[in-house]
Amino acid sequence: MIESPHRRFNPLTRDWVLVSPHRARRPWLGQVEKTPTENLPQYDPTCYLCPGNERAGGVKNPPYTGAYIFDNDFAALLPDAAQVSSSPSHPLLTSSPERGMCRVVCFSPRHDLTLPELDDIAIGNVLTAWARETSNLGAMDFIRYVQVFENKGALMGCSNPHPHSQIWAQSQLPNEIAKELASQTAYFEEHHMPLLADYLAEERHRSERIVFENEHFSALVPFWAVWPFEILLVPHRPAAFLSDLTPAEVTALAEALRQVTTRYDNLFEISFPYSMGFHQAPSDGQAHPEWVLHAHFYPPLLRSATVRKFMVGYEMLAMPQRDITPESAAERLQGLPGVHYKLRGRS
Ligand code: H2U
Ligand code: ZN
């Protein structure tokens, strides 16, 4: 492992990251975050997402019992064909209409239970909802890509503590997907193997960045991780969509999600903030043998529950930079208990 400053290449996005391990212990007199509120009620009468409550748009939630899905009342994308602005065309002023739909998926009726506090059956139900929504939205003629994601914690801009995720389906490929499609396609054409299948085989062989593994999934801190405790979750059998997974693989993915989020919470013994999401293949009706379904976890915390990694000056103007190595982050996460700190002592 290199301990002096070096850069690492991300073959999925073709970006570089600067790694400066010697900088990990620099003094910190900067901003300190508030720790997340613990002990939320099981039901909050003022929550827009709890069963039976009225949402901000005026619709009342049913008394739901499992995962609950609804159209986002403040959707960023709309299904109707937009009018393009009539301003004079110029190659430096390019725009194009974007159509789409936004949905919200509540994980469960419980206001107080985050992913790692749900059992594998309940997490499996969320996975099934994500898979079904991806298939249904992706089958619409104007949809080309479906993004499933969760913003967790006030630090990540989550607007409501009731555990939920979002789905944005749209008519064109977003930037990150366009980059990942280009690199996975080029790799597949050259090597006749999916890029992520080859990468996973190498990581499993080396095992220094693996955080958790079961029969069907591996969670690892990628070699090119940008965020301090970033994780990539990859299936052992290349599959392009959540709906391609067998029931056994769905169960294994539920366990892997619970294990990753449990270790995150156990790291600083707080409800660990992050943005996570699944990158599935484009929903363009084509076969995607190059594409391997995967989840990215991007958590902002660095040293403690209250000191975050800021992606500011150099990161905004030049390139991402990290202090702790991906290997030391993986070692810490891998060594943490697989039982959530709030559930310890309970059977
Ligand atoms: P966050 O993941 O950013 O917290 O998003 C919650 C989403 O829920 C947000 O996109 C939607 C917001 O538009 N929402 C509703 O659709 N109805 C509501 O009554 C509240 C929030
Ligand atoms: Zn609630």
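The model is predicted, with local features requiring pLDDT of at least 70 and side-chain atom pairs counted only at pLDDT 80 or more, whereas totals for chains, interfaces and linings use all residues. Residues are numbered from 1 along each chain as its sequence is written, chains are lettered from A and ligands numbered from 1 in the order in which they are written, and side-chain values use heavy atoms, with hydrogens and water left out.

Ligand 1 is surrounded by 14 residues, of which Ala56, Asn72, Asp73, Ser159 and Gln166 are the closest; a residue is near a molecule if one of its heavy atoms lies within 4 Å of it. By class, this shell comprises six nonpolar, six polar and two charged residues, where Ala, Val, Leu, Ile, Met, Phe, Trp, Tyr, Cys and Pro count as nonpolar, Asp, Glu, Lys and Arg as charged, and the others, Gly among them, as polar. Oxygen atoms of the ligand are approached by both backbone and side-chain atoms: a polar backbone atom of Ala56 is 2.6 Å from an oxygen atom of ligand 1, and a polar side-chain atom of Asn72 likewise lies 2.6 Å from an oxygen atom. For Gln166, the distance from a polar side-chain atom to an oxygen atom of ligand 1 is 2.9 Å.

The zinc ion (ligand 2) is coordinated at 2.0 to 2.4 Å by Cys47 (SG), Cys50 (SG), His111 (ND1) and His162 (ND1). Donors are N, O and S atoms within 2.8 Å of the metal (3.2 Å for Na, K and Ca); water is not among the atoms, so sites may look incomplete. Angles among the four donor atoms span 100 to 118°, and the site is tetrahedral, a label given to four donors if all angles lie between 85 and 135 degrees. Along the chain, the donors follow the spacing C-x2-C-x60-H-x50-H. Helices (H or I, at least four residues) and strands (E, at least two) are DSSP runs, numbered from the N terminus. Both Cys47 and His162 are buried (under 20% relative accessible area; exposed is over 50% and partly exposed in between, with a 1.4 Å probe and protein chains only).

Ser218, in strand S8 (residues 217-220), is buried, with a relative accessible area of 0%. Its side chain forms polar contacts with those of Glu213, at 2.6 Å, and His236, at 2.7 Å. A polar contact is a pair of N or O atoms within 3.5 Å; within protein, one must be able to donate a hydrogen and the other to accept it, and residues adjacent in sequence count only if both atoms are side-chain atoms. Ser243, by contrast, is in the loop between strand S9 (231-235) and helix H4 (247-268) and counts as partly exposed, at 41% relative accessibility. The C-alpha atoms of Ser243 and Ser135 are separated by 7.2 Å, although these residues are 108 residues apart along the chain.

Positive phi values occur at Arg14, near 60°, and at Glu269, about 50°. Arg14 lies in the loop between strand S1 (6-10) and S2 and is partly exposed, with a relative accessible area of 45%. Glu269 lies in the loop between H4 and strand S10 (274-279) and is partly exposed at 44% relative accessibility.

Methods. Tetrahedral: all angles 85-135°; square planar, octahedral: opposite > 155°, others 65-115°.
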